[in-house]
Amino acid sequence: MAITLTEAAARHVNRYLTRRGKGLGVRLGVKTTGCSGLAYKLEYVDESEPEDIVFENHGVKVLIDPKSLAYIDGTELDFVREGLNEGFKFNNPNERDRCGCGESFRV
């Protein structure tokens, strides 16, 4: 079981946490929503929860709640720039389908 970050994602998270002046890392999870059923949620966190599973890549901690891990195990979190847009990209080997708008997915 593992969640990984690319160097680009880790640099982006570290820059943001430095600007914020605080923060432990990021929490990655899923929520039920959208056309296909699940959507990723990503938030900066200041404290871990007792049930969190913690992974660390390139000096960045990624916290996962146990219920989400089954859906995102093996996911690589990347930070990409495409034209004028930039953002996190989830490379999830468990994804079987993604809705047309790109907001939700199915495993």
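Predicted model: local features only at pLDDT ≥ 70, side-chain atom pairs only at ≥ 80, totals over all residues.
User: Which pattern does the protein chain follow along the sequence?
Analyst: The secondary structure comprises two helices and nine strands. Read in sequence order, these elements give β-α-β-β-β-β-α-β-β-β-β.

User: Which residue takes a positive phi in the hairpin of strand 4 and strand 5?
Analyst: Strand 4 (residues 53-57) and strand 5 (residues 60-64) run antiparallel and are joined by five bridges, with Phe 55 having Val 62 as its bridge partner in strand 5. Two residues lie between the strands of this hairpin, and the positive phi, near 50°, belongs to His 58.

User: Which element supplies the largest share of the largest nonpolar core?
Analyst: This core holds 20 residues, and those touching the most other members include Ile 3, Leu 5, Val 13 and Val 62. Helix 1 (7-20), strand 2 (25-33), strand 3 (37-45), strand 5, helix 2 (66-72) and strand 6 (76-82) each contribute at least two of its residues. The largest share, at four residues, is that of helix 1.

User: Which glycine does Ile 3 touch, leaving out residues up to four places away in sequence?
Analyst: Ile 3 is among the core residues that touch the most other members. With those sequence neighbours not counted, its contacts include Leu 28, Phe 55, Val 62, Ile 64, Leu 69 and Ile 72, and also Gly 74.

Note on methods. Residues numbered from 1 in each chain as written. Heavy atoms only, no water. Pairing = 2+ DSSP bridges. Core = buried A, V, L, I, M, F, W, Y, C linked by side-chain atoms within 4.5 Å. Buried < 20%, exposed > 50% of the residue type's maximum accessible area, 1.4 Å probe, protein only. Contact = heavy atoms within 4.5 Å.
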